[in-house]
Amino acid sequence: GTEQENIVYDAEHERRRKEQLRRLYNRTQDQLDEEDMLKAELRKIEARKKEREKKTADLQKMIAQADASTNDMKKIGKKQKMVVGRLNRPEPVQVEQTGIKWPDGKLSGVSLRSTRMKLPTSVGLKKSKAIETMCTELGLEMQPSCTEEICSEFNELRSEMVLLYELKNALTNSEFELTSLSHQYEALVPGKSLSLPPQLLTSTTTLV
């Protein structure tokens, strides 16, 4: 036959279990309200955590795009140096766009090259204004001559400007969240304060 396990009655465990049930049953209304408040605060914390994780992922994606674009420009520069002795004029540069999604330009019929330099409507007013401001600071014309090379390079430059604008906004939002968390910490732990590193503050950067 099979051996049967001996069941041992744990009196101390039962005493603690009954005491816990008694305390749970005898909670006051204030204690119940406090529990509900803590649960609601926990849900808010989890929601903010998910939002921060999403923003972090978006920021990392933009940084990766910026790095990829920089590497592409370096490769293009090396290629142009290699072929400059064999060409009368540089070849048109086809660069992967990151900040602005430009039309592919594969339209039937005759079209003006200047239309390729027109900002898409998806850019929006704020980004268009940021591009105009940066071009003014750099002393660039908003409507330069539409040669093949200038058209390609100017579109790529404005794409980089939009990417820079998006990175600046992401940094500003992150600084705001860090400041809010610092204030929450100071409220929870009186007498102590948290200071943000200068390199994380938009006031110490020169992005835009």
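**Stop 1: the largest nonpolar core**

Select Ile100, Ile131, Cys135 and Met161. In this predicted model, the largest nonpolar core has 13 residues, and these four touch the most other members. Now colour the helices α3 and α4. They are the elements that give two or more residues to this core. Which of the elements gives the most to the core? It is α4, with 5 residues.

Keep Ile100 selected and show what surrounds it. Leave aside its neighbours within four places in sequence. Ile100 is then in contact with Leu119, Pro120, Val123, Ile131, Arg158, Ser159 and Val162.

There is another core to find, apart from the largest one. Select Met62, Ala66, Leu163 and Leu167, which are among its 5 residues.

**Stop 2: the whole chain**

Zoom out and show the protein as a cartoon.

Next, colour by burial. Of the 208 residues in the protein, 18% are buried. Then think about contacts between residues at least 6 apart in sequence. Among these, 69% join residues at least 24 apart.

**Stop 3: where α3 meets α4**

Select residues 125-138 for helix α3 and residues 148-188 for helix α4. Two packed helices are described by the angle between their axes and the distance between the axes. Here the angle is about 115°, and the axes are 10 Å apart. Angles of 65 to 115 degrees count as roughly perpendicular, and α3 and α4 are therefore roughly perpendicular to each other. Is the crossing left-handed or right-handed? The crossing of α3 past α4 is right-handed.

Now show the side chains at the contact:

- From α3, pick Lys126, Lys127, Ala130, Ile131, Met134, Cys135 and Leu138.
- From α4, pick Phe154, Arg158, Met161, Val162, Leu164, Tyr165 and Glu166.

Colour these residues by type. The contact of α3 with α4 has 10 nonpolar residues, 4 charged ones and no polar ones.

**Stop 4**

Is Ala66 buried or exposed? Its relative accessibility is 17%, so Ala66 counts as buried. Ala66 and Gly99 are 8.9 Å apart in space and 33 residues apart in sequence.

Step to Gln65, which also lies in helix α2. Gln65 counts as partly exposed because its relative accessibility is 25%. Draw another C-alpha to C-alpha line, this time to Glu160. Gln65 and Glu160 are 95 residues apart in sequence, yet 9.7 Å apart in space.

**Stop 4: after α4**

Go on to Leu194, in the segment after α4. How does Leu194 count at 45% relative accessibility? Leu194 counts as partly exposed. Again, leave aside its neighbours within four places in sequence. Leu194 is then in contact with Ser182, Tyr185 and Glu186.

Leu194 and Leu181 are 13 residues apart along the chain. Their C-alpha atoms are separated by 9.2 Å.

Technical notes: Residues numbered from 1 in each chain as written. Predicted model: local features only at pLDDT ≥ 70, side-chain atom pairs only at ≥ 80, totals over all residues. Heavy atoms only, no water. Axes fitted to C-alpha atoms, helices over the stretch in contact; angles between N-to-C directions. Helix = DSSP H or I, 4+ residues; strand = E, 2+ residues; numbered from the N terminus. Parallel < 35°, antiparallel > 145°, perpendicular 65-115°, else oblique. Left-handed = near helix turned anticlockwise from the far one by under 90°. Contact = heavy atoms within 4.5 Å. Nonpolar A, V, L, I, M, F, W, Y, C, P; charged D, E, K, R; others polar. Core = buried A, V, L, I, M, F, W, Y, C linked by side-chain atoms within 4.5 Å. Buried < 20%, exposed > 50% of the residue type's maximum accessible area, 1.4 Å probe, protein only.
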